Amino acid sequence: MAKTAQKGKILFILRYLQKKTDKDNAVTINEIITELANNNIKAERKSVYNDINLLREFGFNIIMHRSHDVRYYMEPSPLETSELLLVTDAIQACPFIPRRKVNELIRKLGYLTSENKAKEIDRLIYIPERRRDLSETLYKKIDILQNAIQKNRQISFLDNTTPTEICLREQVSPFLLVLSEGIFYLIAGDHRAENGLVFYRLDQISDLSLLQIERDEIVTYTGDIDFSLQQYAEGLFAKTKEAIQITLKIKKYLLKQFADKYKDLHITGKSGEYITIEITQRLTSDFILSILQSGEDIQILYPEQAVKMVPKIR
């Protein structure tokens, strides 16, 4: 065992510098020799110097610092500690990453720095566990969808926006995931749609599976060889800065529901079982989706930009 350890001396030096040193915790050659001795490895100063120089020649960023003595430390990562903390906080605060995965990612980030600095980045931001429970399923959906997009495969899933007794299994070609106002959406190709593209909320689909069927090119859905998916998504999910006046035609039984939600509601007309109303509302993708899910019970009459958005959503 001692003979094997002796042969791995340079690797022990590398591991020691990686895990135990940083700019604030540089070590001397004597400290390195002591650490080697603690692992039953004999070493002389000259051989340790040679090993360090060899590691530097192979690209390891080992810094030599001169003061009253010569000390060494390793710059472990291109990221500063403050940057690692920023990434850690972002991971901790992200509600759709499960706690298990959060812990795994933070542990891996710790490998990018010394043990002393790793303790600094392992700090907790509280996220309610109810949200974490939901995020486990969402995280798996995102993983399947990203895999499908990268491998150019179609997917199938149950659309939970339809009544339970007629819950439909959809088969589409996934193209882009969008995070808008805290909600994940999937933009996909569907030849049944008016303009070839549809989108779904990820929290409203289930039983998602990756198919071994190659997806069609996006041009076969849009008919436009110059179609820009990014520009389409930006336009579809653009947020209005202010609430706007929206005219709706709703069935009478929905009036109380709308009146309770919109205190500025005005009735502008009546026709059979429908009532025409005006409300003030931000034109968000989630609002449009809720209108669509109501079927023929709610119709958007104005503004034109809202009317045009409805056929884009299934």
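Me: Where does Ser173 lie?
Reply: Ser173 lies in strand 4. Strands (E, at least two residues) and helices (H or I, at least four) are DSSP runs, numbered from the N terminus. This is a predicted model, where local features need pLDDT of at least 70 and side-chain atom pairs pLDDT 80 or more, while totals for chains, interfaces and linings use all residues. Residues are numbered from 1 along each chain as its sequence is written, and side-chain values use heavy atoms, leaving out hydrogens and water.

Me: Is Ser173 buried or exposed?
Reply: Buried, because its relative accessible area is 0%. Buried means under 20%, exposed over 50%, partly exposed in between (1.4 Å probe, protein chains only).

Me: What does the Ser173 side chain join in a polar contact?
Reply: The side chain of Tyr221, at 2.7 Å. A polar contact is a pair of N or O atoms within 3.5 Å; within protein, one must be able to donate a hydrogen and the other to accept it, and residues adjacent in sequence count only if both atoms are side-chain atoms.

Me: Which other residues is Ser173 in contact with?
Reply: Beyond its neighbours within four places in sequence, they include Gln154, Ile187 and Asp216. Contact means heavy atoms within 4.5 Å.

Me: How many bridges between strand 3 and strand 7?
Reply: 5, in the antiparallel sense. Leu158 stands opposite Ser206 in strand 7.

Me: New topic. How many salt bridges?
Reply: The structure holds 12. Each is a side-chain nitrogen of Lys or Arg within 4 Å of a carboxyl oxygen of Asp or Glu.

Me: What about Arg192 and Glu170?
Reply: Their side chains meet in a salt bridge, 2.5 Å from N to O. The pair links distant parts of the chain, 22 residues apart: Arg192 is in the loop between strand 5 and strand 6, Glu170 in strand 4. Arg192 is exposed at 54% relative accessible area. Glu170 is buried at 3%.

Me: And Asp51 with Lys9?
Reply: A salt bridge again, 2.2 Å from N to O. Asp51 sits in helix 4 (residues 45-57) and Lys9 in helix 2 (residues 9-20), 42 residues apart. Asp51 and Lys9 are both buried.

Me: Which residues form a network?
Reply: Glu31, Asp69 and Arg71 are linked by salt bridges.

How values were computed:
Two strands pair if DSSP finds at least two bridges between them.
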